[in-house]
Amino acid sequence: MLIIHATFQVKAEQESEFLNEIQQLITASRAEEGNLSYDLLKDTEKTGVYTMVETWKDMVAVKAHNQSSHFTAFTAKAPQYMAAPADVKLYNAEPLG
């Protein structure tokens, strides 16, 4: 199982547009084969900071997601909403040892 944390710093004047656009991504991504969860969390201490926490069955599912029309449509629009590039981290959730 793989977990992805994608943190977004959103421009204050673009926040409502960002939330509208990302909701479409969330809905479509949750319906993908291999998706176990896909949730957007709002930072409680930093204004305009959100983290998408994604859980996927395997790398095949992640690669399919990254090539999906809803993901590529969102990533094409995302720069207009961002105050900084997204910070994306990938974790292997398999037990070590």
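Lys89 has a relative accessibility of 39% and counts as partly exposed (buried is under 20% relative accessible area, exposed over 50%, partly exposed in between, with a 1.4 Å probe and protein chains only). Its salt-bridge partner is Asp87, with 3.0 Å between N and O. The model is predicted, so local features need pLDDT of at least 70 and side-chain atom pairs pLDDT 80 or more, while totals for chains, interfaces and linings use all residues. Residues are numbered from 1 along each chain as its sequence is written, and side-chain values use heavy atoms, with hydrogens and water left out.

**Salt bridges**

- The whole structure contains four salt bridges (a side-chain nitrogen of Lys or Arg within 4 Å of a carboxyl oxygen of Asp or Glu).
- One of them joins Lys42 to Glu15, at 3.8 Å from N to O. Because Lys42 belongs to strand E2 (residues 35-42) and Glu15 to helix H1 (residues 15-30), this pair ties together parts 27 residues apart in sequence (helices, H or I, of at least four residues and strands, E, of at least two are DSSP runs, numbered from the N terminus).
- Arg30 and Asp39 form another bridge, with 2.8 Å between the closest N and O atoms. Arg30 is partly exposed at 46%, and Asp39 is partly exposed at 31%.
- In the bridge between Asp87 and Lys89, Asp87 is partly exposed with a relative accessible area of 37%.

**Aromatic pairs**

- There are six aromatic pairs in the structure (ring centres of Phe, Tyr or Trp, its six-membered ring, within 6.5 Å; planes under 30 degrees apart are stacked, over 60 edge-to-face, the rest tilted).
- Phe8 and Phe74 make an edge-to-face pair, with 6.2 Å from centre to centre and 75 degrees between the planes.
- That pair connects distant parts of the chain, since Phe8 lies in strand E1 (residues 2-9) and Phe74 in helix H3 (residues 69-77), 66 residues apart.
- Phe8 is buried at 9% relative accessibility, and Phe74 is buried at 4%.
- Through ring pairs, Phe8 and Phe74 belong to a cluster with Phe18, Tyr50 and Tyr81.

**Largest pocket**

- The volume of the largest pocket is about 300 Å³ (an open set of 1 Å grid points over the protein atoms alone where a 1.4 Å probe fits, with protein on both sides within 12 Å along at least five of seven lines; lining residues have an atom within 4 Å of a point).
- Its lining has 20 residues, and Ala6, Phe8, Phe71, Thr75 and Val88 are the closest to the pocket centre.
- At least two lining residues come from each of E1, H1, strand E3 (49-56), helix H2 (59-67) and H3.
- By class, 16 lining residues are nonpolar, three are polar and one is charged (nonpolar: Ala, Val, Leu, Ile, Met, Phe, Trp, Tyr, Cys, Pro; charged: Asp, Glu, Lys, Arg; polar: the others, Gly among them).

**Ser68**

- Ser68 sits in the loop between H2 and H3 and is buried, at 11% relative accessibility.
- The side chains of Ser68 and His70 make a polar contact at 3.2 Å (N or O atoms within 3.5 Å, one able to donate a hydrogen and the other to accept it within protein; residues adjacent in sequence count only if both atoms are side-chain atoms).

Notes: Grid points are joined across faces, edges and corners, and a volume is the space filled by probe spheres set on the points.
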